[in-house]
Amino acid sequence: MPTEDDDRPRRKISHDIGQDLSLLSVEELTERVALLKAEIARLEEAATKKRASRDAANSIFKS
């Protein structure tokens with residue numbers, strides 16, 4: 001039999017840099033680590049694409 005919590009939508013995980021972590025459970029901390037790792041991967045991908053665009057532009061203008 002499902003509990004009342006199962007029917008509730010899960011709240012969106014968010015993390016503020018420097019926030020107090022003492023009130024978070026191990027599960028919540030693990031979810032935040034996964035969230036931040038995904039965000040790091042997204043940032044690195046964006047930086048790689050921007051570098052490639054910059055390098056392509058530089059090669060055209062240096063010719």
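These notebook entries record what I looked up in a predicted model of one chain.

**Conventions.** I number residues from 1 along each chain as its sequence is written, and I use heavy atoms for side-chain values, leaving out hydrogens and water.

**Entry 1: overall form.** I looked up the secondary structure and found two helices and zero strands. Helices (H or I, at least four residues) and strands (E, at least two) are DSSP runs, numbered from the N terminus. Along the principal axes, the C-alpha atoms fill a box of roughly 70 × 30 × 15 Å.

**Entry 2: surface.** I noted an accessible surface of about 6000 Å² for the chain, with 58% of it belonging to carbon and sulfur atoms. Accessible areas come from the Shrake-Rupley method with a 1.4 Å probe; for residues, only the protein chains shown count as cover. Buried residues make up 3% of the 63 residues. I apply these classes throughout: buried is under 20% relative accessible area, exposed is over 50%, and partly exposed lies in between (1.4 Å probe, protein chains only).

**Entry 3: Arg 32.** I located Arg 32 in helix 2, which covers residues 26-61. Arg 32 is buried yet has no salt bridge, and the nearest side chain of opposite charge, that of Glu 28, is 5.8 Å away. In assigning charge, I count Lys and Arg as positive and Asp and Glu as negative, and I do not count His or the chain ends. A salt bridge requires a side-chain nitrogen of Lys or Arg within 4 Å of a carboxyl oxygen of Asp or Glu.

I did find a polar contact between the side chains of Arg 32 and Gln 19, at 3.1 Å. The term denotes a pair of N or O atoms within 3.5 Å; within protein, one must be able to donate a hydrogen and the other to accept it, and residues adjacent in sequence count only if both atoms are side-chain atoms. Leaving aside residues up to four places away in sequence, Arg 32 touches Ile 13, Ser 14, His 15, Gln 19 and Leu 24; contact means heavy atoms within 4.5 Å.

**Entry 4: salt bridges.** How many salt bridges does a search of the whole structure find? I recorded three.

- Arg 42 pairs with Glu 39, the closest N and O atoms being 2.8 Å apart. Both lie in helix 2, three residues apart, about one turn of the helix. Arg 42 is exposed at 52%, whereas Glu 39 is partly exposed at 31%.
- Glu 45 pairs with Lys 49 at 3.3 Å, N to O. Being four residues apart in helix 2, they are separated by about one helical turn. Glu 45 is partly exposed at 46%, and Lys 49 is exposed at 53%.
- Arg 54 pairs with Asp 55 at 3.7 Å, N to O. Arg 54 is partly exposed at 47%, as is Asp 55 at 44%.

**Entry 5: Arg 51.** I placed Arg 51 in helix 2 and classed Arg 51 as partly exposed at 42% relative accessibility. The C-alpha atoms of Arg 51 and Gly 18 are separated by 30 Å, the two residues being 33 residues apart along the chain.

Conventions:
Predicted model: local features only at pLDDT ≥ 70, side-chain atom pairs only at ≥ 80, totals over all residues.
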